[in-house]
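Please keep the structure open beside them as you go.

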Amino acid sequence: MSSSNFIDYVKFCSRSGAGGAGSVHFRREKHVPKGGPDGGNGGRGGHIILKGNTQLWTLLHLKYQKHVIAGNGKPGEGGRRSGAQGEDIILEVPLGTVVKDFESGKKLFEITGDGEEVILTEGGRGGLGNENFKTATNQTPRFAQPGEAGKEEWIVLELKLLADVGLVGFPNAGKSTLLSVLSAAKPEIADYPFTTLTPNLGVVSYRDYKSFVMADIPGIIEGAAEGKGLGIRFLRHIERNSLLLFLIPADAKDIIKEYQILLGELKKYNPELLDKDRILAISKSDLLDEELMSEMKEELPVELPHVFISAVTQTGLVELKDLLWKHLNK
């Protein structure tokens, strides 16, 4: 397993529904002296189904579901009435979710498409009613099939994705603080082996149980592309992020200049990095008054979406999450 992939991991017991039993029943009608068999079939048990959803970025919403149980099928009835099917359970998962059998570790399948549905644990078949067993020699079968039992299996879901948002900034920009504040609601910060310094990954909770992954990557320094400091090992990491969040503190001598230096490093390393969406967050903005803030806004590039934030006073954080979510889902 490559250490360059962030694995979000969930293990649960998946239990499908049992099929309903077939019915043993004979027609009882005044005008039919010898009513034949008319027992209906049992309904099939509920499936456990996985469904891909591009709006999901992590497996956080399944973290606390230890048992997922589908409904049982209903038994058949007389009059050839079939029993109702057991209720299916549909679990929505992010694209890139790998499904494995826990016991054997064998990979079963991977969900890659939005709306793609795969039956994970199949419900038991419903039993056939006695009507199905009528033959020329046995006109009144007094038996029906029982329903098939549901299946129970331990399943592992692994999500292989790198952070959706990469934090880019100099060491003093307050990246770790921002990450700890944003993901404090669900402090899912994983250590991430990366040379000597460990970038942190945080799962940032968003509205309606949505979430996305943000990586705080060790500070970039001028000259990184030539291999100073963490250099290239750090930059290689950013290539997989889908959105870059530049974090520059409000007390920087020259915000535009810092931004240009950071961009320059990315460009020297790999010009394609500049094709990624970029957002600028000006941190420590509790140090600014309204007047200073509007002066700064004047100087910022028009095409660069920006937001003033403060991890200390928590200002601008909701606005920042909204902006990130909007860009991740363009």
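1. I begin with helix α5, in which Leu317, Leu320, Lys321, Leu323, Leu324, Trp325, His327 and Leu328 are buried. Please bear in mind throughout that this is a predicted model. An α-helix has 3.6 residues a turn, so residues three or four places apart point the same way. The helix covers residues 317-328, and its 12 residues, at 1.5 Å a residue, should span 16 Å, which agrees with the 16 Å between its end C-alpha atoms.

2. Asp322, which also belongs to helix α5, meets Arg207 in a salt bridge between their side chains, with an N to O distance of 2.9 Å. This pair links distant parts of the chain, since Arg207 sits in the loop between β11 (200-205) and β12 (211-216), 115 residues apart from Asp322. Asp322 is partly exposed, with a relative accessible area of 27%, and Arg207 likewise counts as partly exposed, at 43%.

3. The structure holds nine salt bridges, and another of them joins Asp88 to Arg44, with the closest N and O atoms 3.1 Å apart. Here too the two residues come from distant parts of the chain, Asp88 from the loop between β3 and β4 and Arg44 from the loop between β1 (6-15) and β2, 44 residues apart. Asp88 is partly exposed at 27% relative accessible area, and Arg44 is partly exposed at 22%.

4. Arg80 deserves a separate look, as it has a positive phi of about 60° although it is not a glycine. It lies in the loop between β3 (67-69) and β4 (89-93) and is exposed, with a relative accessible area of 52%. Arg80 also forms a salt bridge with Glu131, the closest N and O atoms being 2.7 Å apart; Glu131 lies 51 residues away, in the loop between β7 and β8 (152-161), and is partly exposed at 28%.

5. Lys284 is another residue other than glycine with a positive phi, near 55°. Its place is the loop between β14 (277-283) and α4 (290-299), where Lys284 counts as partly exposed at 29% relative accessibility.

6. Lastly, three strands form an open sheet in the order β4-β2-β7, with mixed pairing. β4 and β7 (117-121) stand at the edges with a single partner strand each, so one side of each is left without a neighbour in the sheet. The twist averages 30° from one strand to the next. Strand β2 (residues 48-52) runs parallel to β4 and is joined to it by five bridges, with Ile49 standing opposite Ile90 in β4.

Note on methods: Residues numbered from 1 in each chain as written. Predicted model: local features only at pLDDT ≥ 70, side-chain atom pairs only at ≥ 80, totals over all residues. Heavy atoms only, no water. Helix = DSSP H or I, 4+ residues; strand = E, 2+ residues; numbered from the N terminus. Buried < 20%, exposed > 50% of the residue type's maximum accessible area, 1.4 Å probe, protein only. Pairing = 2+ DSSP bridges. Axes fitted to C-alpha atoms, helices over the stretch in contact; angles between N-to-C directions. Expected span 1.5 Å × (residues − 1). Salt bridge = Lys/Arg side-chain N within 4 Å of Asp/Glu carboxyl O.
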